[in-house]
Amino acid sequence: MKLFASEKQEIPISDHFKPDGSRWTLKEKLLLGLSFDDYRKQLVRNPLNWLILIIFAIGVPIIVERFVFGLGSVTHGSNDYPWGLFLAFGLFGMVPLSASGFMLGTTVELFGRKDFHPIERLALLNGLLGYFFAVIYLQVDLGMPWRLPYPMVVSLGPAAVLFLVAWHVATYLSVQIAEVLPSFFEWIGWLKGKRMIRSMVLCLTIAGIILSTLHQGALGALFTYPAGKLHPLWMSANFLWIQFLCSAVFGGLSMLIIVSTLSKWFLAWRCDNQFLDSLDKLTLGLAKGAAFAMITYLGIKFMAIAHDKEWVYLFTGWGQYYLLELTIGVVIPMMLFAFAVRNGNAQMARVAAFISVFGVLWNRINTALIGFNWHMYQEIPHWKEVAITITIFTLYLATYRFILYRLPILYAWKGEK
Amino acid sequence: MKNKIINRRSFIKGGFGGTAATVLSLKSARAAGDFDHYPDSMGVIVDLNRCVGCRSCEAACNKEQGLPEPEKPFNDYSVFDAHESGGHGGAGRRTDETRYTVVNKYELPEIDHPLYRKSQCNHCLEPACLTSCFVNAYTKTPEGAVIYNADVCVGCRTCMIACPFYIPTFKYSSAFSPRIMKCIFCYDTRLKEGRPPACVEACPQEALTFGKRVDLLEIGRKRIRQNPGGYVNHIYGENEAGGTAWMYLSPVDFGEAGFDVHVPHEPVINFVRDFLSIVPMVLVIWPALFAGFHLLANRKEQNKHHHIDGGEE
């Protein structure tokens, strides 16, 4: 695509009209302004597409196997370990990394930091896709996925934490769809819809904050049910929810740094100059926010241990593992972020963001799988479980790229808006 | 004491009408605060001293609940051997989708005979499975059973995560009609009519005693009192997880007989209350708070717009 973009003047499409004055049709917009042949050519030329194809070729049959022969055939989920990788990575890991939507929505729309506008849409899209695919992971894991709407309409158990998660993720998904819709409306040229969303953007943003505070926290609070099963260092009846919320803040910001970096590296043809020129500065802005969230997080972690008097656990093997998680996952990226901000070094902030996202995922897997049942045996996920997880993640990446190629996320629409 | 003072004071202050109102409200308040779950609920006390490991209870349960035939017949005692038990890390056999109750054997040096322990759902007074379920698939019946409704279950398995006793199990083998499988105290077929569950009726040793929970606690205390050398002075289940309908007496420390002695002595829901209590506050306070932030943050810009009368962007 990079080649075509440099050869032809009219692409990438960022306007309703071709250079000759005629209108792009929807089909042409979907094909990125290329002919069928050219479109196929660029698909075949990109090695990433071949990798995606291989992953799907292996993963899709395994997903089919899961739905035909049951969870038992593809996972090591057991009566001792009811939750495996699908939820540990897909739900508990993806949701905090998708906090970028509400973070940037708040920054730009609520606090009026218009300078972050060039990456606001990317943040919103990152949020939407993250949540959407978290639900896909959930659907693979649920025993009866066809009953997904039951907690909403058939049988309500409002006193349960999961009830809150279900409702909030569902409402928040709709909020995020509404927040991403303006770019879609610009693209298809339906301005009335865009103005409609524009008029309620403040409501949507505040709804986003409420829903995010509660369900990010609720995911943590879910692990206060197995109070005795989770290792005391990770378990905290009082603070676990706020730890999850706080780590979602720097997780979401770091994820945004990563996707914007990847866009700059691999999708430069699609980005406009406003995005490319301001990215370093904005990355440092995000890095600053992440560093503040991280020091707060460390404070809460410290408080949780002090509150439950768990110092003695720090001197066990589990304690060392716990400290390792905190050091690699939080302390090191925090210091890198701080140095980066101080020296104006956006590259360093990018390195830190990769480590920090890994740290958040590691924390969620430690909470949901490794520290869970700590006095029992360890569960190792089935290879097919890993394969399904990778396949869905690949689908997530492919969808992400499909949208970034087309909608005005990384660039501003030149036509009427 | 406090109630009396309030009573007297309001009697003096408000005369007869006031007193009547106060007494009424106190009564309802006390009823709510002291509601001791279902006071007449039933339970079972298991005496590890009496169990000989005959597995009659397992057989009876299998028949009553229409569970699949086991690989090894119920009179095959090789299932007790550690290498046969299949549990990870020597944990012994556990309940699964084919068995609601299992007996495990514990060889302990301090006593001359092996100890057997039956496990099944303990039917908590405030069940973790019930409080964690977001589709209300679980019900605690006034008779004491914790029953499950497969028709609304989504299969999220949070109940299995929440249960401190690792009791609910999932039909992992089924793709189209998976469900939670767990002991239901023979509610449909027996308990509803006031009859003891099948396992209790089948026990030849009277190791299982069925009765009202309050009476069972008395029986348990009496047995400990009459034979202090034969029992540890603790009834497992009296307070564990906030109290359970099934309770245990043991001659050795419960930890040695395979019980989890770290199960908290309060209902699991207590650990979640902290979070649940912030929910309404966030819902109510956040909108005003953040709308306020918005107004503050955009004050300058608002003024500017006022002056130049410019549109957004």
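Me: How far apart are D38(A) and K41(A) along helix α3 of chain A?
Reply: In this predicted model, D38(A) and K41(A) are separated by about one helical turn, because they are three residues apart in helix α3 (residues 36-45) of chain A, a helix being a DSSP run of H or I with at least four residues, and a strand a run of E with at least two.

Me: And what do their side chains do there?
Reply: The side chains of D38(A) and K41(A) form a salt bridge at 3.6 Å, N to O, where the term asks for a side-chain nitrogen of Lys or Arg within 4 Å of a carboxyl oxygen of Asp or Glu.

Me: Which residues make one between the chains?
Reply: R157(B) and D141(A) do, with their side chains meeting at 2.9 Å, N to O.

Me: Which elements of chain B touch chain A?
Reply: Those giving two or more residues are α4 (128-132), α5 (158-162), β6 (169-170) and α8 (269-297), and α8(B) provides the largest share, with 17 residues.

Me: How much area do the two chains bury?
Reply: About 5,200 Å² is buried between chain B and chain A, 65% of it on carbon and sulfur atoms, counted as the accessible area (1.4 Å probe) that the two parts lose on being put together, summed over both.

Me: Switching to rings, where does a charged end sit over one?
Reply: The charged end of R117(B) sits over the ring of F259(B), 4.3 Å from its centre, and that of K29(A) over the ring of W187(A), at 5.9 Å; the rule requires NZ of Lys or CZ of Arg within 6 Å of the ring centre and within 35 degrees of the ring normal.

Me: What conventions apply?
Reply: Residues are numbered from 1 along each chain as its sequence is written, and chains are lettered from A in the order in which they are written. Local features need pLDDT of at least 70, side-chain atom pairs count only at pLDDT 80 or more, totals for chains, interfaces and linings use all residues, and side-chain values use heavy atoms, without hydrogens and water.
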